[in-house]
Amino acid sequence: MTGRIYMGLSAWMFAAFYDFLNSVVEERVKPYRIKTAGKAWGEVIEIGGGTGANLAYYNRDVQLTVSEPNPHMISRLSKHAETLGLRPKIISDPGEDLPFDNDSFDCVVTTLVLCMVKDYESVIKEVRRIIRPGGHFLFYEHVISQNAGMRRFQRYLNPAWRFCTTGCNLDRDIGGAVQNAGFEKVEMKSFDLSVGLPLRIPNIVGIATA
């Protein structure tokens, strides 16, 4: 019971402070929302939609589904969509176990969410499963560094970082998992991004074609 109460409180706190935390870095990450959500087409699912930071960037002709397991996030997401005049289909299923047949979507979008999920490799496998042939996985994520010293530091810091951020991981090789997921083509750019901290955080943005 105590664990469930803690998890529920943690989920509420994360949702409550998410928009504030996001506002601190939004201008820096806006170009990558445009390169991901802004490039999606057809039938689209965003995994881990949060409070709807990407909603304004989608083309109005897409058929949008959003997966978001946190019920407190869903409440804020729904209100945000309403203010934008959007009506996405919102589901609470986790990215590791999506309730869709193979080849169900033209595009899948993730932005700064694979650091938070329980099993990012399983999510990426699900992404590959539900994308139609020729469809796109559009992703923007922060990742583990390719620099050995920075990589060691990320792994050292990760337990405290994960606790303070209610689940964000600094040390995931998300790019490698995308490369190994069976896509026909992966185009990916790696770069370091400053978010106001003394250190610059390794990021990737890209498109994987099914």
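Over the ring of which residue does the charged end of R128 sit? The charged end of R128 sits over the ring of F183, 5.6 Å from its centre, where such a placement requires NZ of Lys or CZ of Arg within 6 Å of the ring centre and within 35 degrees of the ring normal. The model is predicted, with local features requiring pLDDT of at least 70 and side-chain atom pairs pLDDT 80 or more, whereas totals for chains, interfaces and linings use all residues. Residues are numbered from 1 along each chain as its sequence is written, and side-chain values use heavy atoms, without hydrogens and water.

F183 is buried, at a relative accessible area of 11% (buried means under 20%, exposed over 50% and partly exposed in between, with a 1.4 Å probe and protein chains only).

The structure holds 6 aromatic pairs, defined for rings of Phe, Tyr and Trp (its six-membered ring) with centres within 6.5 Å, and classed as stacked for planes under 30 degrees apart, edge-to-face over 60 and tilted for the rest. The rings of F137 and F139 are tilted, with centres 5.1 Å apart and planes at 40°. F137 and F183 form a stacked pair, with 6.0 Å between the centres and 20° between the planes. Ring pairs also link Y32, Y140 and F191 into a cluster, and the charged end of K189 sits over the ring of F191, 5.9 Å from its centre.
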